[in-house]
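Good morning, and thank you for coming. Please look at the sequence and the structure as they come up, and keep them in view while I speak.

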There are 2 protein chains.
Amino acid sequence: MGKERGGRKDDRRVNETWVPIPEGSGFGLQNLPYGVFAPAGAEPRVGVRIGDHVLDLAAAFADQPEIDNDVFARPSLNAFMATGPAAWTSVRTRIVELLTDSAHRDALGSALHPLDEVTLHLPIEVADYVDFYASEHHATNVGRIFRPDATPLLPNWKHLPVGYHGRSGTVVVSDTPVVRPSGQRKAPSDDTPSFGPSAKLDVEVEVGFVVGVPSTLGTPLTTADFAGHVFGACLVNDWSARDIQAWEYVPLGPFLGKSFATSISPWIVPLQALQDARTPVPPQDPEPMGYLTEHEAWNLDLDLALELNGDVVARPQYREMYWSPAQMLAHMTVNGASVRTGDLYASGTVSGPEKQQRGSLLELTWNGAEHLTLADGSTRAFLQDGDQVRITATAPGADGSRIDFGDVTGRVVRA
Amino acid sequence: MGKERGGRKDDRRVNETWVPIPEGSGFGLQNLPYGVFAPAGAEPRVGVRIGDHVLDLAAAFADQPEIDNDVFARPSLNAFMATGPAAWTSVRTRIVELLTDSAHRDALGSALHPLDEVTLHLPIEVADYVDFYASEHHATNVGRIFRPDATPLLPNWKHLPVGYHGRSGTVVVSDTPVVRPSGQRKAPSDDTPSFGPSAKLDVEVEVGFVVGVPSTLGTPLTTADFAGHVFGACLVNDWSARDIQAWEYVPLGPFLGKSFATSISPWIVPLQALQDARTPVPPQDPEPMGYLTEHEAWNLDLDLALELNGDVVARPQYREMYWSPAQMLAHMTVNGASVRTGDLYASGTVSGPEKQQRGSLLELTWNGAEHLTLADGSTRAFLQDGDQVRITATAPGADGSRIDFGDVTGRVVRA
């Protein structure tokens, strides 16, 4: 596993493509994330990002009989993701060939669109959405905030990756405005609940994993099945209304405090681009049960950043997550539950041990007891109307390159 | 609202159809539930049940230009459900015309299939699945069992319909075998969790509501929107592994204890068939917040039954549910969350005040402290491998008729 984090030691491969790549871009040939885009006035279709361009794959493969072109002329990645790892590799190999051999430049010209001339769409048709809670630092912080007199981690936390189902129908693509949710809230000091817009609107910096290959009902997957079923990763902002959540969540978990919106980045980075980012999970004590044993390293060395109105307010690091996405997959199916193409499961808030590594305002302001001061001098406990949130991430890529996840953004709209 | 429960006071309408209807059938012209079926060797398509036959709607409407025939030649009800209440009414009216005028008998002969010659499929493509917790008797029983020293109902329960998201991808049609799930369990007396097949496999008798018409993200629905968006109702068995659930569910709610399977009946009874079953919610104290006010009665007067290996072990009554399905819909969207065609939301376990009205083994055996004795002399605390579970329901229909929901069945298969 590559541990050469930070700068690129060798730009040679990046420069092998005939597509102009901006200096410092994390969208070189080693990345090639997939998304769904629409040229002006045209229908959404599948594309792959290279530099600041997107290649229309249905058009690029129109006369390539060895590639199933039909899976790309669609408004989601699902049909392509369902083709499985061998097909994913063939397509990726062929894309690299097309983008490196300048003989293709003229033929592909009309299939290559400048990014600023297209609209990006939700890249996947979300089947089931599950949200985990896999950061020990986050779970510990939340425990300290809400149960200050008790052990921060609940008894089950180190035995299994705690998770729950979220609302698939309100997963939206980056840049979709988020209307501040209204609902019932009751502070501990109130006698009765009141109704109104959430006064504690928050973000959660997360990483999402997208299933390509379905499994069979009644047959669990193992951690070793991860790369055979999971297609890639993206960024997730799990918007959270803390006041609504605090009142509703016993005994069946979060519901309306989360279900108003979950934003994801438009680019799905394939696992094939993340081979140099793979890293083992931290030491797990107690040793997980057999079905959770991590035989191959599938934690990821991602540097995340949370921006609020352009200021970086946190830099969470994914590599410190306690449970890996392969362990989450094995746990999610150990009871026989099947996965489907388009299933999205997210890591839960990514928080590190340092204060500036916390991936939610809840933790950064300790539930509003402290405040963040932004560059314009204003302060925040939770989000204000008009606030613009942005989450980014990079990972080490092959040949010393850098893999950019792009971003997931959203602006808060008044209720 | 019709309150003539029980026997039919007037069989005239039932006998108006030229299709032979068995004596006592609850599938007369007043019911006409929709489902998806496949004749031998043919593709699944939409049908309507009449007596012990199913009418192939794409075939029946093949030469009816006023009906959009294309929505029926599909493997789910979703396209038809999306057409909305005016179209639902037109189709229902036209079906009644076809089935009452014997001039159509010869032309429709090949579109009418005996039920025992077809295969029934999952009737809807499930978008999001939400499970509520709307029976006061059930929530009180669960509180008494798990928190014997505290107030049975948690503080939020009478202020809002508590609910959570379940797994859409493992919603299966009646008669699908259910493999006993394995997972982590830890009894309070154990020091550490153990792994194995659930020793407390249970059922939950529920009623499900299916959304036809989608709503807009950011715009809540009201209780008055219920009949404009919800297409119909079905039976739900929310299989539950109590031991897995008890260990995993803090703080984010049930996950693997539920997600291995949720069974639904193959027939969706349209709301139009349930007009005589409508009944107000019981007195609600405290008065619900404005957005939960029930302007029209949408609780339902359903008599349910739970059978275990052919013995009726409980007879829950839906009309005693505390929160109506219209209140659930308003609550589910009050934060701006949208609904989609195919969304399924279930009531939660239906339990009444009497012991024989409890809709789960957890309650019937008080978490195994007592046992049920079946007709063959065997006893049960929870389900054994090979056990066959069946849930049925009937409601008062128009003209003194009886509306039969059919059944949802499932056999437990060894892990």
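**Two chains, residue by residue**

Setting aside residues up to four places away in sequence, R242(B) touches K200(B), D202(B), V203(B), E204(B), K258(B), S360(B), L362(B) and F382(B), where contact means heavy atoms within 4.5 Å. This is a predicted model, in which local features need pLDDT of at least 70, side-chain atom pairs count only at pLDDT 80 or more, and totals for chains, interfaces and linings use all residues. Residues are numbered from 1 along each chain as its sequence is written, chains are lettered from A and ligands numbered from 1 in the order in which they are written, and side-chain values use heavy atoms, with hydrogens and water left out.

Let us stay with chain B for a moment. R242(B) belongs to helix α7; helices here are DSSP runs of H or I with at least four residues, strands are runs of E with at least two, and both are numbered from the N terminus. Is R242(B) buried or exposed? R242(B) is buried, because its relative accessible area is 7%, and buried means under 20%, exposed over 50% and partly exposed in between, using a 1.4 Å probe and protein chains only.

Helix α7 of chain B, residues 242–248, also holds Q245(B). With a relative accessible area of 14%, Q245(B) is buried. Beyond its neighbours within four places in sequence, Q245(B) is in contact with S240(B), P254(B), G257(B) and K258(B).

P288(B) sits in the loop between β18 (278–279) and β19 (299–300) of chain B. P288(B) counts as buried because its relative accessibility is 14%. Apart from neighbours within four places in sequence, P288(B) is in contact with T293(B), W323(B) and Q327(B).

I now turn to chain A and to a database record. Under "binding site", an unreviewed UniProt entry lists Y133(A), R147(A), Q245(A), Y249(A) and T349(A). From this set, R147(A) and Y249(A) are in the lining of the largest pocket. UniProt positions are given in the numbering used here, feature names are shortened, and annotations may be inferred rather than shown by experiment. On a 1 Å grid over the protein atoms alone, a pocket is an open set of points with protein on both sides within 12 Å along at least five of seven lines, where a 1.4 Å probe fits; lining residues have an atom within 4 Å of a point.

Where does T349(A) lie? T349(A) is in the loop between β22 (344–346) and α9 (361–364) of chain A. T349(A) counts as buried, because its relative accessibility is 1%. Its contacts, leaving aside neighbours within four places in sequence, include S135(A), H138(A), E204(A) and M321(A). The side chains of T349(A) and H138(A) are joined by a polar contact of 3.5 Å; such a contact is a pair of N or O atoms within 3.5 Å, and within protein one must be able to donate a hydrogen and the other to accept it, while residues adjacent in sequence count only if both atoms are side-chain atoms.

Finally, how do the chains relate?
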